[in-house]
Amino acid sequence: MTHRSRKPYIAGNWKMNLDRSRSLDLIKTVKGRLGDGGDREVAFFVPAIYLADVTAVAQGSPLGVGGQNLWYEANGAFTGELAPRMLREVGADRVLIGHSERRHVFHEPDEWMGRKVRAALDADLLPIYCIGETLDERKAGKTERVCKRQLESGCEKIRTEDAHRLTIAYEPVWAIGTGETATIDQVGQVHRTIRKWLVQRLGEDAANLVRILYGGSVKPDNAKDLMAVDNVDGLLVGGASLQAETFLPIIEFDR
Ligand code: PGA
């Protein structure tokens with residue numbers, strides 16, 4: 001359950017899925033349903049090549065649109081990468097950083113994370129910084145240690161005044177795309193640990209402004225229970241964000 005001061009945040013991560021026309025259809029449908037959006041924040045993280053088209057369709061609605069990754073330099077010889085200002089230029093207002101697939105498939109190291117989060121904030125992009133343990137790490141009892149290490153690196157350059165623009169997503173690697181959701185107890189425990197870490201790092205007032213999302217096999221039938229957990233301020237949804245039939249009931253988890 002989220003605190004009064006934090007607006008529930010439901011985010012869809014399309015990863016490398018959909019095509020241009022299905023992307024635009026989905027945005028139109030969700031935009032139509034959202035109205036003024038008022039009491040919740042909804043965003044899609046879309047393949048960079050579709051950002052300009054998607055943001056054009058989303059315009060005039062409260063729907064946020066973000067990139068799935070960035071590089072922290074402003075320009076230079078970085079073949080295949082995108083600078084924060086480039087994402088801004090095509091209309092993105094937010095970005096995912098440190099998603100588990102970036103860490104585990106593309107081997108992005110912890111050492112990049114602080115600079116990426118800082119570069120996003122400096123370019124006026126709202127970062128969702130993703131953390132989470134692998135199954136081996138959980139079995140070895142290292143969940144808290146891994147999450148804290150990832151928090152240390154990603155929040156290395158965070159200042160108190162950034163707190164309201166920062167979102168953390170806890171996504172246990174073993175729950176992503178597997179159909180296996182973390183239990184309510186597991187989610188509650190890690191989210192509490194993250195909040196405590198934020199309080200130590202930023203002080204209580206600022207820490208209470210940071211939203212903490214859960215991600216990993218979120219579906220229409222578990223969204224409400226997950227959102228009822230203390231310190232779960234929203235959901236980061238992969239597979240179920242690809243179709244209006246599964247994403248809309250998650251956005252409307254409490255209706
Ligand atoms: P999933 O993906 O909902 O398909 O498990 C979540 C994510 O990777 O953000």
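This is a predicted model: local features need pLDDT of at least 70, side-chain atom pairs count only at pLDDT 80 or more; totals for chains, interfaces and linings use all residues.
Me: Start with H1 and H2. At roughly what angle do they cross?
Reply: Roughly 25 degrees. The axes of H1 (residues 20-34) and H2 (residues 51-58) come within 9 Å. Angles under 35 degrees count as roughly parallel, so H1 is roughly parallel to H2.

Me: Is the crossing left-handed or right-handed?
Reply: The crossing of H1 and H2 is right-handed.

Me: Which residues meet there?
Reply: From H1, Arg20, Ser23, Leu24, Ile27, Lys28 and Lys31. From H2, Asp53, Val54, Val57 and Ala58. The contact residues divide into 5 nonpolar, 1 polar and 4 charged.

Me: Switching to salt bridges. How many does the structure hold?
Reply: The structure holds 23 salt bridges. One of them pairs Asp110 with Arg103, with the closest N and O atoms 2.9 Å apart.

Me: Are Asp110 and Arg103 buried or exposed?
Reply: Both Asp110 and Arg103 are buried.

Me: What about Asp122?
Reply: Asp122 forms a salt bridge with Arg118, closest N and O atoms 2.9 Å apart. They sit 4 residues apart in helix H5 (residues 110-122), so about one helical turn separates them. Asp122 counts as exposed because its relative accessibility is 55%. Arg118, at 9%, counts as buried.

Me: And which residue does Asp93 bridge to?
Reply: Arg94, with the closest N and O atoms 2.7 Å apart. Asp93 is partly exposed at 24% relative accessibility. Arg94 is buried at 4%.

Me: Which residues are linked in a network?
Reply: Arg33, Asp39, Arg40, Glu252, Asp254 and Arg255 are linked by salt bridges.

Key
Residues are numbered from 1 along each chain as its sequence is written. Side-chain values use heavy atoms; hydrogens and water are left out. Axes are lines fitted to C-alpha atoms, for helices over the stretch in contact, and angles run from 0 to 180 degrees between N-to-C directions. Helices (H or I, at least four residues) and strands (E, at least two) are DSSP runs, numbered from the N terminus. Angles under 35 degrees count as roughly parallel, over 145 as roughly antiparallel, 65 to 115 as roughly perpendicular and the rest as oblique. A crossing is left-handed if the near helix is turned anticlockwise from the far one by less than a right angle, and right-handed if clockwise. Contact means heavy atoms within 4.5 Å. Ala, Val, Leu, Ile, Met, Phe, Trp, Tyr, Cys and Pro count as nonpolar, Asp, Glu, Lys and Arg as charged, and the others, Gly among them, as polar. A salt bridge is a side-chain nitrogen of Lys or Arg within 4 Å of a carboxyl oxygen of Asp or Glu. Buried means under 20% relative accessible area, exposed over 50%, partly exposed in between (1.4 Å probe, protein chains only).
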